Every structure is written in C-alpha cells, then in structure tokens.
There are 2 protein chains.
Amino acid sequence: MKLSEAKQQFISTWGAMGTHWGINRTMAQVHALLLIAPDPLTQDDIMAQLNISRGNVNMNIRDLIDWGLVDRVLIQGERKEYFTAEKDIFKVATQIIKERKKRELDPMMKLMDQLSKVEGDRRDKEVKVFVDTVTGIKKFGAHANDMLDVVVKSDENWFLSTALKLFK
Amino acid sequence: MKLSEAKQQFISTWGAMGTHWGINRTMAQVHALLLIAPDPLTQDDIMAQLNISRGNVNMNIRDLIDWGLVDRVLIQGERKEYFTAEKDIFKVATQIIKERKKRELDPMMKLMDQLSKVEGDRRDKEVKVFVDTVTGIKKFGAHANDMLDVVVKSDENWFLSTALKLFK
DNA sequence: ATTAATTTTCAAAATATTTTGAAAATTCGG
DNA sequence: CCGAATTTTCAAAATATTTTGAAAATTAAT
C-alpha cells in the first residue's frame with residue numbers, strides 16, 4: 001500500500017471511529033491529519049488536505065485545543081499560526097481519559113449520589129429497585145475511576161502490563 | 001427528592017450520557033427506563049412513559065437486544081411481549097465492553113496492522129512519522145485490550161480493586 | 001381458515017448537527 | 001495609526017439522524 005493511500009485510509013477510519021466516541025467526524029479527521037503530519041500545519045493546509053471550509057477548521061481546531069490534544073505553535077518569522085498534535089498515543093489517551101472523567105464520569109457520579117437519597121420506603125419495590133440501580137452505578141463508577149487512573153498513571157509501565165495479564 | 005422526579009432525572013441523564021457514548025438518546029432512555037423498572041414492560045408501557053412512537057420503541061428495543069442489554073420475556077397467559085433489562089451494572093458494563101471491543105477495537109487493530117506495512121523508505125520523515133503513529137496505536141490497543149479484559153473478567157473482585165489502588 | 005391482537009418495517013416528516021462562507025474582529029508589520 | 005493578513009464568529013444552508021405513523025407482516029386464539 002502506498003503512503004498516500006494509507007494516509008487517506010487512516011484519516012477516514014480515525015474519523016469514523018470518532019463518531020463512535022462522541023466527537024464529530026471532522027474533528028477526528030483533523031486530529032488524524034495532525035497525528036501523521038511530520039511538521040506543524042496551518043489552517044490553510046488543513047482546509048486543502050481535508051477539503052473543508054475555513055470556519056470548520058477553525059472551530060474543530062479550537063475544540064481539539066480545548067481537549068488538550070492540539071497545540072498552537074509559533075514559527076518565527078511567520079505570520080500564520082501553525083498547529084501540531086501530541087504524537088505519543090499514550091499521552092493522547094491519557095488526556096482523553098482525564099477530560100472525559102471530568103466531563104462525564106464526575107458529574108454522573110455526583111448525580112447518582114443525589115438520586116440515591118430519594119425519599120420513600122425501602123420496602124417499596126419501586127424504591128428498592130431504583131436505589132439498587134443507582135447504588136450499583138455508583139459502585140461501578142468508583143471501580144471505573146480506579147481503573148482509569150491506573151491507565152492514566154501507568155502509561156507503558158511494563159510491570160503493570162504483566163500484572164494485568166495475571167488477572168485475565 | 002420524590003421518586004417520580006428522581007426517575008425522570010435518571011432517565012434524562014442516562015439518555016444525555018448515551019449521546020456521549022455513541023448510542024442515541026432514545027435508546028439510552030429506554031434502557032434507563034427498563035433498568036429501574038421492577039417488572040418487565042411492554043412496548044406500550046415504554047411508549048407511554050417516554051412519549052415516543054411505537055416504531056421508535058420497536059427499533060430501539062431491537063438494538064438493545066442486539067447489544068445484549070435487554071431480553072424479551074414471555075409472561076404466561078399474556079399475548080404481548082415483555083422486556084426486561086439486566087440489572088447488575090457490572091454485567092451491563094461487561095456486555096458493553098465486549099461488544100465495543102468486537103465492533104470497534106478489533107477492526108481498528110486489524111487496520112493498523114495493514115497500515116503498518118505501508119511501502120516506502122523508513123528514513124523518509126513522512127513514512128517514519130506515519131509508521132510510528134500506527135505502531136503507537138497498535139501498542140496502545142493491545143494495552144487497552146488487556147485492561148478491558150481485566151474489567152470484564154474481574155467484575156467486583158475485591159482483591160483486584162485493592163491491587164489497582166496500589167498503582168494509583 | 002378467519003380474525004383480531006401485536007409486532008415490524010420503512011418512506012416521509014421532523015429534528016438535530018455540521019458545514020459553509022462572508023462579514024466582523026483581531027493581529028501585527030511598517 | 002493604517003492597512004493587509006489572518007483568525008474568529010455565526011446565521012443560513014446543507015447534510016445527517018431520528019422519529020413518526022400507517023401499512024404490511026406475523027402471530028395465536030377461536
């Protein structure tokens with residue numbers, strides 16, 4: 001397979017995958033493009049390569065920066081802004097996990113705490129099932145939280161990788 | 001907080017969360033409704049409680065069954081079909097993880113294998129960055145795969161929970 | 001076999017999301 | 001400070017997704 005073909009394939013698959021992960025196709029494609037770009041790119045480069053409008057590039061780049069996945073870089077003597085993506089996939093994953101914990105898991109757990117304090121008699125079936133469900137989610141959330149911390153903190157830790165396999 | 005209010009809140013939040021996880025709002029809401037229902041529900045029950053059309057309920061129930069999160073139950077003497085959701089959240093998570101591994105992670109890894117065989121000189125910067133990125137994703141995928149297996153196989157395993165905390 | 005209850009399908013309508021592109025705002029060299 | 005280059009914004013247009021609802025298919029009781 002030719003490099004140009006492989007790049008296309010990579011960008012398009014990464015984009016499709018993005019939609020399964022709650023980010024939009026274009027944002028994921030911009031990210032993919034930057035991931036495999038040896039040097040920083042400008043908005044115009046991205047527009048040209050992905051065939052999308054300036055406004056679109058601008059918005060998606062901004063979101064990627066918010067997610068901590070892309071950085072602006074200033075190239076001396078150049079007026080234009082350049083953009084570059086973190087290339088280390090473990091760092092990328094770490095960043096995504098951190099953000100999603102903050103944006104999704106934490107608020108969800110806070111809500112479950114509240115909901116578990118619902119009024120009503122525990123002997124009422126309706127109440128019992130509700131509280132049990134919410135409690136189950138809280139427990140799972142705590143477990144997931146621990147797991148994710150391990151992923152985030154361990155990166156390519158060899159010992160951990162080995163340890164994990166013991167549990168399989 | 002009243003039970004009815006808490007239920008509403010739960011359903012609506014679970015639905016919103018679904019959109020961040022690549023499933024649609026309604027499917028997540030139907031799931032939420034079934035999670036906190038003490039007894040199996042019919043399509044009509046779901047239509048009434050969520051205010052959605054019959055066709056919509058039907059399609060989303062089918063998807064939930066495909067995901068292995070909901071089961072049809074036959075109630076003796078009744079003509080209608082009833083539906084019930086797995087209530088154990090750890091089992092729910094296990095099921096979701098298994099499915100998503102199969103639907104997303106596995107194909108992605110297969111593609112990365114192909115892409116890593118791209119032709120071209122490794123001393124070419126373009127080629128190098130591309131191959132390095134793809135290789136990084138493969139490594140991460142393997143790691144993620146192991147982690148997820150641990151989650152799936154360990155469930156509420158106390159020892160594991162404790163062990164995980166050591167790595168934090 | 002007939003029929004009424006129930007489920008499924010799917011084209012069209014409604015809704016939601018994404019994209020565009022041109023105008024406004026900002027930045028910066030001279 | 002001026003003006004050209006660049007970035008940002010955002011309403012409107014394009015596109016994509018979800019929902020509806022009625023017709024078709026299926027099911028099961030009589």
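Which residues in α5(A) meet which residues in α1(B)? On the α5(A) side they are Arg100(A), Glu104(A), Met108(A), Leu111(A), Met112(A) and Leu115(A). Their partners in α1(B) are Ala6(B), Gln9(B), Phe10(B), Thr13(B), Trp14(B), Met17(B) and His20(B). Contact here means heavy atoms within 4.5 Å. By class, this contact comprises eight nonpolar, three polar and two charged residues. In this grouping, Ala, Val, Leu, Ile, Met, Phe, Trp, Tyr, Cys and Pro count as nonpolar, Asp, Glu, Lys and Arg as charged, and the others, Gly among them, as polar.

Before going further, a word on the source: this is a predicted model, in which local features need pLDDT of at least 70 and side-chain atom pairs count only at pLDDT 80 or more, while totals for chains, interfaces and linings use all residues. Residues are numbered from 1 along each chain as its sequence is written, chains are lettered from A and ligands numbered from 1 in the order in which they are written, and side-chain values use heavy atoms, with hydrogens and water left out.

The two chains are considered next.

Two packed helices are described by the angle between their axes and the distance between the axes. For helix α5 (residues 89–115) of chain A and helix α1 (residues 3–20) of chain B, the axes come within 11 Å and cross at roughly 165°. Axes are lines fitted to C-alpha atoms, for helices over the stretch in contact, and angles run from 0 to 180 degrees between N-to-C directions. The helices themselves are DSSP runs (H or I, at least four residues), as strands are (E, at least two), numbered from the N terminus. α5(A) and α1(B) are therefore roughly antiparallel to each other; angles under 35 degrees count as roughly parallel, over 145 as roughly antiparallel, 65 to 115 as roughly perpendicular and the rest as oblique. The crossing of α5(A) with α1(B) is left-handed, a term for a near helix turned anticlockwise from the far one by less than a right angle, with right-handed used if it is clockwise.

Within chain A, the axes of α3(A) and α4(A) come within 9 Å and cross at roughly 115°. That makes α3(A) roughly perpendicular to α4(A), and their crossing is right-handed. Here Gln43(A), Asp44(A), Ile46(A) and Met47(A) in α3(A) meet Arg54(A), Val57(A), Asn58(A) and Ile61(A) in α4(A). Four of the residues in this contact are nonpolar, two polar and two charged.

In chain B, helix α3 (residues 43–50) and helix α4 (residues 54–66) pack at an angle of about 115°, with their axes 9 Å apart. α3(B) and α4(B) are therefore roughly perpendicular to each other, in a right-handed crossing. From α3(B), Gln43(B), Asp44(B), Ile46(B) and Met47(B) meet Arg54(B), Val57(B), Asn58(B) and Ile61(B) of α4(B).

The loop between α3 and α4 of chain A holds Asn51(A), which has a positive phi of about 60° although it is not a glycine. Most residues other than glycine have a negative phi. Asn51(A) counts as exposed at 70% relative accessibility (buried means under 20% relative accessible area, exposed over 50%, partly exposed in between, with a 1.4 Å probe and protein chains only). In chain B, Asn51(B) likewise sits in the loop between α3 and α4, with a positive phi near 60°. Asn51(B) is exposed, its relative accessible area being 68%.

Thr42(A), in the loop between α2 (25–35) and α3 (43–50) of chain A, is buried at a relative accessible area of 5%. Not counting residues up to four places away in sequence, Thr42(A) touches Lys80(A), Glu81(A) and Tyr82(A). Ser116(A) lies in the loop between α5 and α6 (125–154) of chain A and is partly exposed, with a relative accessible area of 21%. With the residues up to four places away in sequence again left out, Ser116(A) touches Val134(A) and Lys138(A).
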